[in-house]
Amino acid sequence: VQLQASGGGLVQAGGSLRLSCKASGINFSINRMAWYRQAPGKERKFVATITSGGSTNYVESVKDRFTISRDNVRSTLYLEMNSAKPEDTAVYYCNTDLRGRTYWGQGTQVTVSS
């Protein structure tokens, strides 16, 4: 299983960014997928998840600003970040579980300047 995250970068507060996570080695269409983030000096925390059926869930702090989505044809997970805030600065990781094991992508850095 490989999860390749990309799309991070530097964005000004109030700006937008779209993260991608290309998956391989799994039957992507039936897997629940998620995004987590880890700010400097802090623990990795849940951001958003999407089920195989397209149901979504978000941490309260990103609701109405971030949108998680998936393209099952391209085996790719997305996170659309809008109205970015400095507190969104973190390394963002995509995540999935398969047969009781958790897999992580390598992470992509997002920096929001004030």
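This is a predicted model: local features need pLDDT of at least 70, side-chain atom pairs count only at pLDDT 80 or more; totals for chains, interfaces and linings use all residues.
In which loop is Ser75 found? Ser75 sits in the loop between E7 and strand E8, the latter covering residues 76–81. Phi of Ser75 is near 50°. That is a positive value in a residue other than glycine. Most residues other than glycine have a negative phi. Ser75 counts as buried, because its relative accessibility of 18% falls under the 20% cut-off.

Asp64 also has a positive phi, near 70°, and is likewise not a glycine. Asp64 belongs to the loop between strand E6 (56–58) and strand E7 (66–71). Is Asp64 buried or exposed? Its relative accessible area is 84%, so Asp64 is exposed.

The overall architecture was examined next. The protein chain comes to eleven strands and zero helices. Along the sequence, the pattern reads β-β-β-β-β-β-β-β-β-β-β. The chain has 114 residues, and a compact globule with that count would have a radius of gyration near 13 Å. The protein chain has 13 Å, so the value agrees with the globule rule. Along the principal axes, the C-alpha atoms fill a box of roughly 40 × 25 × 25 Å. Buried residues account for 43% of the 114 residues.

Aromatic contacts were then considered. A pair of aromatic rings is described by the distance of the centres and the angle of the planes. The structure holds three aromatic pairs. One of them joins Tyr36 and Phe46. Their ring centres lie 5.7 Å apart, and the planes make an angle of 80°. This pair is edge-to-face. It links distant parts of the chain, with Tyr36 in strand E4 (residues 33–38) and Phe46 in strand E5 (residues 44–50). Ten residues separate the two. Phe46 has a relative accessible area of 27% and is therefore partly exposed.

Tyr93 and Trp104 make another pair. The ring centres are 6.3 Å apart and the planes stand at 85°. Why is this pair edge-to-face? The angle of 85° is over 60 degrees, so the pair falls in that class. The centre distance of 6.3 Å is within the 6.5 Å limit, so the two rings pair. Tyr93 lies in strand E9 (residues 90–98), and Trp104 lies in strand E10 (residues 101–104). The two are eleven residues apart, and their pair also links distant parts of the chain. Tyr93 counts as buried because its relative accessibility is 12%. Trp104, at 36% relative accessible area, is partly exposed.

Which residues form one aromatic cluster? The cluster consists of Tyr36, Phe46, Tyr93 and Trp104. A charged side chain also meets one of these rings: Arg44 lies over the face of Tyr93, at 3.6 Å from the ring centre. A further arginine, Arg70, lies over the face of Phe28. There the distance to the ring centre is 4.7 Å.

Rolling a probe the size of a water molecule over the atoms shows where empty space is left. The largest pocket has a volume of about 240 Å³. How many residues line the largest pocket? Its lining contains 13 residues. Arg37, Ala39, Lys42, Lys45 and Glu87 lie nearest the pocket centre. E4 and E5 each supply at least two residues of this lining.

Ala48 lies in strand E5. Its relative accessible area is 0%, so Ala48 is buried. The C-alpha atoms of Ala48 and Ile26 are separated by 20 Å, and these residues are 22 apart along the chain. Leu98 lies in strand E9, the strand that holds Tyr93. Leu98 is buried because its relative accessible area is 18%. How many residues apart in sequence are Leu98 and Arg32? They are 66 residues apart in sequence. In space, C-alpha to C-alpha, Leu98 and Arg32 are 9.3 Å apart.

How values were computed:
Residues are numbered from 1 along each chain as its sequence is written. Side-chain values use heavy atoms; hydrogens and water are left out. Rings of Phe, Tyr and Trp (its six-membered ring) pair if their centres lie within 6.5 Å; planes under 30 degrees apart count as stacked, over 60 as edge-to-face and the rest as tilted. Helices (H or I, at least four residues) and strands (E, at least two) are DSSP runs, numbered from the N terminus. Buried means under 20% relative accessible area, exposed over 50%, partly exposed in between (1.4 Å probe, protein chains only). A charge sits over a ring if NZ of Lys or CZ of Arg is within 6 Å of the ring centre and within 35 degrees of the ring normal. On a 1 Å grid over the protein atoms alone, a cavity is a set of points where a 1.4 Å probe fits but cannot get out, and a pocket is an open set with protein on both sides within 12 Å along at least five of seven lines; lining residues have an atom within 4 Å of a point. Grid points are joined across faces, edges and corners, and a volume is the space filled by probe spheres set on the points. The radius of gyration is taken over C-alpha atoms; the globule rule is 2.2 Å times the number of residues to the power 0.38.
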